[in-house]
Every structure is written in C-alpha cells, then in structure tokens.
Amino acid sequence: MASAKPYAGATIVYYGDGVGQGNDLDKAAATQFQKDTGINVTVVPRPQSSTDTFSQYQRFFQGQSPDLDVLMIDVIWPGQLASNLIDLGPKLGDATQQHYPGIVANDTINGTLVAMPFFSDFGILYYRSDLLQKYNISAPPTTWDELGQQATTIVNGEKGSNPTFGGFVFQGSAYEGLTCNALEWLASTGGGMIVEDGKATVNNPQAVATLNMMKGWVGTVAPRGVTTYQEEDARNVFQTGNAAFMRNWPYAYALGAANESPVKGKFDVAPLPAGSGQQPVGCIGGWALAASKYSKNPDASIEFIRYLTSPEFQTFRGVVGGYVPTIQSVADNPTVQQAQPYLAKVGNVTRVARPSAETGENYNQVSTIFFQGVNNVLNGQDASSVMSSTQSQISRLLG
Amino acid sequence: MSVEAPAQAQPVPPVALPTVHSELVRRQTRLAWWLLVPSLLVVALVALVPLGQTILASFTNERLASNRPVQFVGLKNYAALLTDDAFLHSIYVTVLFAVLTVIFELILGLGIALVVNSNFKGRGAMRAAMLVPWAIPTVVAAQMWRFMYHDVYGVFNDFLVQRVHLLPQNVAWIADPATSLFAVAAIDIWKTTPFMALLLLAGLQVIPTDIYEAADVDGANPFQQFMSLTLPLLRPAIVVALIFRTLDALRVFDVFYVIFGNRADTQTMAIYAQQTIVAFSDMGYGSAISVAIFLIIGIFVIAYVTIFKVEQS
C-alpha cells in the first residue's frame, strides 16, 4: 500500500454495507487500512433498502456535500450518478484488468471509469435434485422448454400429496428484480437486451414469444402468485419444499444448505436455461465502489477503493462473507470455492448487464417501464401489444 | 362541532351588527394578531414555503443530483400530465379505493360505535381492544396481510381451500388483478375502521339520553329512534369522520407500496409521485403531479364542505 502513504492522516467517510455481516467486514477493512496507511476511515452503514440508499446519495450530491467520500453503489447506478463521481481511470485503470470485463464495462460511463467492482451477483437456477431423481430426470434443464416439461412432470406427480406445489418460482413482482429475470429470459433466447445502441429493442418476435411462454406458465407451472414474488418470497416457497425450480441470486445457497432448512442436501444449482442452441446467461447484480467528486480527500478515497477491491481483500470477503468475487483468479481460488461450492458449477455463465450504463440518468425509468410491462404480461395481457407500447414508451424517453 | 346552539340565534337580520370603532376593540384586534403571529409563522414555514417551492418546481425541468441547468418550461409538465395514462389510471385507482374503503369503514365503524356506546359488561376492555388494528404501524400490518394472502403458504388459502373447502384451489389474492384492489381495500378497512368508530363514538356520547326516553314514551321503535334521532344528531361527527378518512385514503401510499411495489395497474397518485421524484429524479414533473394531487384533494374538501353547508341551511 505504498501508493497510499502520502495521504496518511487524512480522514475519509465511507458509506458501506448496511448493518450486519457486511458492516462488520467494512469495519475490519477500515481498521486494517488505517494501520497500513495512516488514513482514517469513518464507516457509515448505508440504509438496508437500496432505494433509500439511492435517495440518500442523491441528497448528498444535490447539496454537493463533502461529507461523503467513498460510497457503495448498486451496479445499476454508475450511469445515473456518473456526473457526481471521480474518474478512477488514471489511478485504478490498470487494476481493472483482473476483473470480469462485463462488470468493468458496466462501471465505465462514456469511457470514464466511475466505479470499481466490489462484489458481483448473478442469477442462477436452483433445482431439487431429489425430485429429479424421483421422476427419473437425468439432468437439470438446459433449455426453457425442458424446464417447462420437467416442472410439469414433477408438479403433476406432487400435486396429489401437496396441492400447493409449484414447479418454478422466480421474481415476478413489479420491481427491479423482474427486470433482471426478464432480461435473462430475453438474452438467453435471442430476444435482445432491452436497449441496444441507444434504441429500445423489446418489441421483437422472439422476446414476445418468450414472454408469452412465461405468461402461460403463471398459474400452471409456476404458482399464480409468482407475479408478486420478490427474492425472499421465492426462497420461502422453494426452501419450504413447495417448488421444484427457482431462479435466485447466490445468497439463497447458504440459506438452503443450512441445518434448519427443509431442503438441506436435496437441492443443487445449475446455470439458468437458455433457448435451444443459445448460451445460458446470468443477470449481473452486486455492488461497486465509487468516490464522490465533492470529496476533500479524493486521493485517499481512491486508495481506500484500491484496497477494498484488491484480490487479497476479495479473497477474504469471499471466504469469510461468501461474497461472490469479481476477479477470476479469486473465483478460482480453492479456499474461495470451498466457501462457495456453487461457483465451480455456475461461475462461468455469461454475465449480462442491465442497460444502466447505456441509459444513464434515465435507467430507473426505462427499467420501470419494462418491468411494469412484463408484470402486466405475466398477469395475463398479451405480450405483443404490451411490448409494442413498452417499446414506444422507452423510445420516447430516450429520444 | 356543536351546530345546534347557534341555530336559535339565526333569525336576527344580518345588518344588525353595527361596526364599533372603539379604542378597546382596536387594541384587542391588534393583540389578537400579535398572539397569532407565532403560529402563522410556523404554518408559513412548514406548509406554505414547501408548497410554494413545489409549485415553482412544477414549472421547471429540475432533476435531482444532476448538473444540467434548471430551466423554466412553463406549463409543459401540466400539459404532459393531461395525456399521461399512468397518472390518469392512478387517479382512478385512488378514487375507487377511497370510495370503497370509506363506505365500508363508515358502515362498520357506525355499527361498532353503536355497540360500544351501549351499556354492557366489559365495555372498557372492548373499547380498548377495538383499537388494536389501528395501533399497528401500517407497514407492519401490510406485511402481515401479505403473508396471510400468500398463494402458497397464506392462511386465507389454507382456511378456505384445505379446511372448509369453500374454494376449489388456492387463489393468488394480491396477484390477480380481479381481486387485488379488494384485497388491499380489506387491509385498509380492517385497519382504519377503529378510527372511524372512535370518531363516531365521540359523536354518540354528546347526544343527550333524555330524548330517547321521550321517544320511548312516544312509542318509537329502536329503528325509528336511530333514523330520526341518532343519525341526524350524529351528522356533524359523520361529516368530520368522512373528511378525515377521504383525505387519508386519497393520499394512500404505504399499504399499496408494501403489497404491490411499483405495479402499474395498482399505482396510486402518491406512489406515482414518489416514483417520479425519488426513483426517476424528475423533480419538475413530480412536482406537477404533487400539485395535481393537492388540487384533486382540494376538490373533495370543497365538495364535502359545500354539501355540508347546504344541508345545514
């Protein structure tokens, strides 16, 4: 940490993870960093809800406040906050070589590196290995059609003993999580990436077909209420043994494998299905670190970001906290893989990013138009008319 | 709200009050103004200033946390509002919700108020118990109902499908557009009926009991007594309760937000405004929405007050 020595004695304020394990790790990092470099770090836990965190940052930036130096930002925020963030390129550009290129691209707005990848989530498929065995299914589904067939078989078999059994649960509520789910459906079936080259692309025949297929599943293969499910709703249904398949983030693995979990030892993970002949994908979630333009100690702030995103510290967080690394060499590290056994099975899926970098300040609005449209489809409307109006709304917004 | 007393004084012609310009009256008027100044200042600071700022912002294209210069755009935001289907739909959802909940709350609240106003053993405990739903924070109560409505492990489905076999299969109460608005209205009715009952109970308690004794002597049955004595005398309390509840229902946010998030077909006016300002950072348009909500609620207040005045005279 020789590069940080000149800034010893400075004090920076870091808005880190919310209270809990994330906050403990942040405090441990601050203490160690202070010892190594002489830079003092005040750790402030951000609000647990990401929406609240976003509006808090907005208020800081609105007032050009110097009371915030380093901040943890959601992967969808770089574009929206870019004008208030320091260009990290000159000092940390080299360090980005180690990180997954997709995530670095997500943090690069108009050629400027405004954030550094901190940890990364992506969507994966959880399946009940015991039920697959019971119904003589040799392998988890690789295509969406297979998922539909397998889920139907299992639901028909289980309905007798458990009338509430659902085949496939995901995040279908009208919120940001549905944008992630639907992006995975579209990107894995040739339905596009919502916005490409600044143009809305959701109204294409493949996307419409995929969404109509999903609509057909609601109430048959998936529980009818899936259109109100967020992460925890889906996990509760899966973990209590009421579903055969679930799309969720990696956090659900440790909880499902815990001692008190009814599905402990009865489930496994796989990449999400894709269209036939297509690549499986996982939507990028997770958080990055950025420095405020209004900071009085920009250099000390950048050094702290360098420290938090280093391979050494990502390894520590991966082993102690189960945070998914953004660096390939860390993901390949045997100690990390032991702490996160699913990484070996799904670590290599193609990561797809929501169009947040591309749509900048307008991202939240684009995403809201999209997830509200998809939610309407899942609730019974026809995808071709909904997507046509969704496309024109997004186009009007992007001008 | 005692409206009966001045009714006797009404026949006096309006010109009867001569304007007195004595030194005493003027001094007292001045003193009254001085005494009012602190509260007027507070009102101006916490209500008028933000209102003025919102109205000002509604004529601009201001964005939160953006370094784009703020420009005056005239009535552009309001013009956009008139053709904004999402906003028009949110008015429909909100008004429907308000009408639905206020009617049920009035009927149920009146029933409860009449029961706890009568004499029976354990009345004190009953009055305290009825307030429990109202005492639970809305967000907590809504989350609790969300669990109860759940289509897989919710208690409603368990009871109706598994226990009493009233329904053939589980219903996704809050997911299905056919039932979702009623599901959320039921939460509000459960939660706010006690408040309605409390306001009406206060109204019932000021009605003197001797008129009922007189009615008994005249041979009026309980239903006649209710229709010709209780209801007319309770009218002032009912109007206050209705105004309170309608205004509250028109700015509903929390229960919808917990149950539906940002779902398009169940967006209320307040959720739409919050989404525009907080999530989209669009301060200008969001302010125009807020002003529109202010005006719509104003229309309801004026309507209530006018109807009430007409009925009085």
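A: Let's start with a term: domain bounds come from an automatic or database domain assignment. This is a predicted model, in which local features need pLDDT of at least 70, side-chain atom pairs count only at pLDDT 80 or more, and totals for chains, interfaces and linings use all residues. Residues are numbered from 1 along each chain as its sequence is written, while chains are lettered from A and ligands numbered from 1 in the order in which they are written.

Q: Which domains does the assignment give for chain A?

A: Domain 1 of chain A covers 2-121 + 284-348, and domain 2 covers 124-282 + 355-398. Their C-alpha centres lie 29 Å apart.

Q: How many residues of these two domains of chain A are in contact?

A: Two residues are in contact if their C-beta atoms, placed from the backbone, lie within 7 Å. By that rule, 15 residues of domain 1 of chain A touch 16 residues of domain 2 of chain A. On the domain 1 side, helix H3(A) gives the most, with three residues. Helices (H or I, at least four residues) and strands (E, at least two) are DSSP runs, numbered from the N terminus.

Q: How do I read a sheet, and which strands of chain A form the open one?

A: Strands of a sheet pair through backbone hydrogen bonds, either parallel or antiparallel. Two strands pair if DSSP finds at least two bridges between them. Here the order is E8-E11-E7-E12 in chain A, with mixed pairing. Strands E8 (166-169) and E12 (267-270) of chain A are the edges, each pairing on one side only. E7 and E11 of chain A run antiparallel, joined by four bridges, and Tyr127(A) stands opposite Phe245(A) in E11(A).
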